Amino acid sequence: MRRLRVFSFVFGALAGAVTGKGRRKRIVAEGSTSPGAELALVGLLLLSAIFSVGFVVVLATGSWPMRTQYEGIALGGSLLLMGLALVLLSKRLIVTEELEEDYPEPEHPIEQGEVAQIVRESGSRFTRKRLVQGAAAAAAGALGVAAIAPAISFGPAFDPFELNWTPWRRGKRLLSEDGAPIKASDIEMETFYTAYPEHSARDNIAAPVVIIRLQPSALRLPRSRRNWAPQGILAYSKICTHAGCAIALYRKPTFPPTQPEPALVCPCHYSTFDPARAGKVLFGPAGRNLPQLPLMIDSAGHLRAAGNFSGPVGPSWWGVRMKGPITQDR
């Protein structure tokens, strides 16, 4: 029975909406037009649509510096403009009325038709209905696309392997924190250094690496990596594979019975990695080894990358092992 009533109400509303203008006596007094407010509404809606499209573009391209901030500005701006448009619509363009008695129950077809008539006549202040409707459709459609864009980014429409991008490739020099090329002779035994790729943004999560030098005889790297550490110099991603904190501690053995080997330590949750054994997890919540960057020494004695990382950089996510690191060409 309830469904029947709802159906009757909807049918009556639609029937009322279809009824031609002027066939019934107005219920809501016709409001004064406001062309300026209409144009302002259209402008707000179109700006909202532009901001929404901007969010999708920033999300899809993924090559913007300060990308997260731009995404927030675009999506927040779109919602703000949409909110302003709705406020303007309600304050300046919808006819308001004050009723002195309760609305009757929408059970009678005539009353249902009157309700539809009220809704239709409340828009009497509009003089450019099609323009406003078009702007509203553009704003709502763009905002809807922006809302589902993060889900689409899982693929296949967008690049689903963006988290695998790194700026490293064979031949790229390693720079110190002050931007100077690092020579192999600069790396002292059992000392901790931070390096970045030449001609690449440092805010890329895969950019920073830690460099240490160990005795070549102490290395226990897999056979496939036996040429990755020239003169005992090793490079690993500086980003912990647990929660993405920076590897900022180097444990240098000072009491062999309790600290038998050097280790790289994340200060957030104390995940500990063995640099001599390909970044193997020794302790803590990290679930993957530290990705290792192969190194080589050029004729001038500078350290250069001999390839890309051994695995994806940063904390794990679903499908982290589906694809290895990808050199970012953009």
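**Loops, sheet, helices and salt bridges in a predicted model**

Glutamine 231 sits in the loop between E4 and E5. In this predicted model, phi of glutamine 231 is near 60°, a positive value in a residue other than glycine. As a reminder, most residues other than glycine have a negative phi. Histidine 199 also has a positive phi, of about 60°, although it is not a glycine. This histidine 199 belongs to the loop between strand E3 (193-197) and E4. With a relative accessible area of 75%, histidine 199 is exposed, because the cut-off for that class is over 50%.

Five strands form an open sheet in the order E2-E3-E4-E5-E10, and their pairing is antiparallel. Strand E2 (174-175) and strand E10 (292-293) stand at the edges; each has a single partner strand, so one side of each is left without a neighbour in the sheet. Strands of a sheet pair through backbone hydrogen bonds. Within the sheet, strand E4 (residues 209-213) pairs with strand E5 (residues 233-237) in the antiparallel sense, over five bridges. A handy place to look in the structure is valine 210, which stands opposite tyrosine 236 in E5.

Turning to the helices, helix H4 (residues 109-121) has 13 residues, which should span 18 Å at 1.5 Å a residue; its end C-alpha atoms are 18 Å apart, so the two values agree. The buried residues of H4 are Gln112, Gly113, Ala116, Gln117, Ile118 and Glu121.

Two or more of the patch residues come from each of helix H2 (35-61) and helix H3 (67-93). The most is given by H2, which supplies three residues.

Charged side chains complete the picture. Side chains of opposite charge can pair when their charged atoms come close. The structure holds four salt bridges. One of them joins the side chains of arginine 173 and glutamate 198, at 2.8 Å from N to O. This pair links distant parts of the chain, 25 residues apart: arginine 173 is in the loop between strand E1 (165-166) and E2, and glutamate 198 is in the loop between E3 and E4. Arginine 173 counts as buried at 19% relative accessibility, because the cut-off is under 20%. Glutamate 198 counts as buried too, at 14% relative accessibility.

Another salt bridge is formed by arginine 277 with aspartate 274, and their closest N and O atoms are 2.7 Å apart. Here aspartate 274 is buried, with a relative accessible area of 1%, whereas arginine 277 counts as partly exposed at 30% relative accessibility. These two residues also belong to a network of salt bridges that links Glu261, Asp274 and Arg277. Elsewhere, the side chains of arginine 304 and aspartate 298 meet in a salt bridge of 2.8 Å, N to O. Arginine 304 counts as partly exposed, at 23% relative accessibility.

Key:
Residues are numbered from 1 along each chain as its sequence is written. This is a predicted model: local features need pLDDT of at least 70, side-chain atom pairs count only at pLDDT 80 or more; totals for chains, interfaces and linings use all residues. Side-chain values use heavy atoms; hydrogens and water are left out. Two strands pair if DSSP finds at least two bridges between them. Helices (H or I, at least four residues) and strands (E, at least two) are DSSP runs, numbered from the N terminus. The expected span of a helix is 1.5 Å times one less than its number of residues. Buried means under 20% relative accessible area, exposed over 50%, partly exposed in between (1.4 Å probe, protein chains only).
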